[in-house]
Amino acid sequence: MTEQTAGEPTAPTDPSAGAQADEGTARLERAVRAAEQALIEFEIAVETFRVEVENFSRLHHQKLGPMYTRLDELDALIAEARAAGTGDPEDLRKAREARSLVMPMPGVEELFHDWLGPDGPEDDATAMLNDRSVRPPERVRPTEEARRLYRDLVRQAHPDLAQDEAERARRDGFLAKVNAAYARGDEGLLAELAAQWADGPEPDAVGPTPSEELYARLEWLARRKELLSVVARELEDSAIGSMLRMAPDDPDRLLEEIAEQLLAQVAERESELDGLTAAG
């Protein structure tokens with residue numbers, strides 16, 4: 001292979017290669033913008049349906065909730081009347097179950113949350129229940145080395161030593177970690193932070209190319225679309241969502257029809273209860 005002599009013209013670059021790259025980036029940008037607009041419209045549709053489900057659920061509870069409660073009460077009264085008449089253990093069990101649906105009692109865990117440990121009430125819970133003072137949190141006593149590390153780090157990394165806002169923000173974040181470690185008396189973590197500070201800030205990483213950024217954006221949009229699709233399916237498959245899909249144009253009429261059915265069921269239960277109590 002011969003060396004190129006001075007003054008010899010270099011091989012011309014292919015101008016079409018740069019044009020093709022620019023056109024590819026432009027197509028990618030158009031695809032990203034189209035995906036963004038489609039995602040926005042999809043988000044609007046999902047949020048609109050979510051609000052409709054929420055509002056319909058509220059109306060359903062307000063208008064039909066008392067009827068469901070009345071039906072549960074009637075079921076319990078009927079079961080209790082039948083059990084009183086037969087004395088059968090199975091009827092008594094059914095009566096207890098029906099009554100538990102009307103007046104559900106919260107569990108012990110729900111009442112006391114994290115007051116109960118494996119060996120019974122925690123010390124703080126027992127103290128509060130017996131009007132005794134709750135023990136104060138244990139006091140952290142940092143070692144001499146932890147105090148030294150803390151003082152040195154504060155002196156070195158204080159935000160007032162920053163030359164610009166970016167550096168001040170970096171120092172603020174670093175000192176927040178230092179303060180948290182010192183509050184716990186964590187000498188080991190303070191030593192690690194001292195080593196980090198001695199190493200200095202991480203060098204700025206080489207940023208992605210425009211094409212890489214566009215591809216990353218497309219991937220994020222696709223993942224966001226998948227998550228929204230899951231939310232949409234859950235809304236559609238919910239009890240209220242299914243009811244809304246049965247009457248998307250007139251959900252109020254659907255509520256009226258359900259109310260009519262519940263009223264008929266209430267009348268049937270009341271008639272059955274009257275028959276049982278009369279027989280008794």
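A residue is called exposed when its relative accessible area is over 50% and buried when that area is under 20%. The model described here is predicted.

**Helix α2**

On one side of helix α2, Pro89, Arg96 and Leu101 are exposed. The buried residues of this helix are Asp91, Ala95, Ala98 and Arg99. They lie on the same side of α2, because the arc they cover around the axis is only 100 degrees.

**Nonpolar cores**

The largest nonpolar core is made of 28 residues, and Val53, Phe56, Leu64, Met243, Leu254, Ile258 and Leu262 have the most contacts inside it. Two or more residues each come from α1 (15-86), α8 (210-237), α9 (239-246) and α10 (251-279). Helix α1 gives the largest share, 12 residues. Ile258 touches Leu64, Tyr68 and Met243, when its neighbours within four places in sequence are left aside. Another core lies apart from this one; it has 11 residues, including Leu149, Leu153, Ala157 and Leu190.

**Aromatic pairs**

The count of aromatic pairs comes to two.

| Pair | Centre to centre | Angle between planes | Class |
|---|---|---|---|
| Tyr150 and Tyr182 | 4.1 Å | 15 degrees | stacked |
| Phe174 and Trp197 | 5.0 Å | 40 degrees | tilted |

Tyr150 belongs to helix α5 (residues 144-157) and Tyr182 to helix α6 (residues 165-183), so this pair ties together parts that are 32 residues apart in sequence. Tyr150 has a relative accessibility of 22% and therefore counts as partly exposed. Tyr182, at 22% relative accessibility, also counts as partly exposed.

The tilted class of the other pair follows from its angle: planes under 30 degrees apart would be stacked and planes over 60 edge-to-face, so the 40 degrees between Phe174 and Trp197 makes that pair tilted. Phe174 sits in helix α6 and Trp197 in helix α7 (residues 187-199), and the pair links distant parts of the chain, 23 residues apart. Both Phe174 and Trp197 are buried.

Technical notes. Residues are numbered from 1 along each chain as its sequence is written. This is a predicted model: local features need pLDDT of at least 70, side-chain atom pairs count only at pLDDT 80 or more; totals for chains, interfaces and linings use all residues. Side-chain values use heavy atoms; hydrogens and water are left out. Buried means under 20% relative accessible area, exposed over 50%, partly exposed in between (1.4 Å probe, protein chains only). Helices (H or I, at least four residues) and strands (E, at least two) are DSSP runs, numbered from the N terminus. The arc is that of the directions from the helix axis to the C-beta atoms. A nonpolar core is a set of buried Ala, Val, Leu, Ile, Met, Phe, Trp, Tyr and Cys residues joined through side-chain atoms within 4.5 Å. Contact means heavy atoms within 4.5 Å. Rings of Phe, Tyr and Trp (its six-membered ring) pair if their centres lie within 6.5 Å; planes under 30 degrees apart count as stacked, over 60 as edge-to-face and the rest as tilted.
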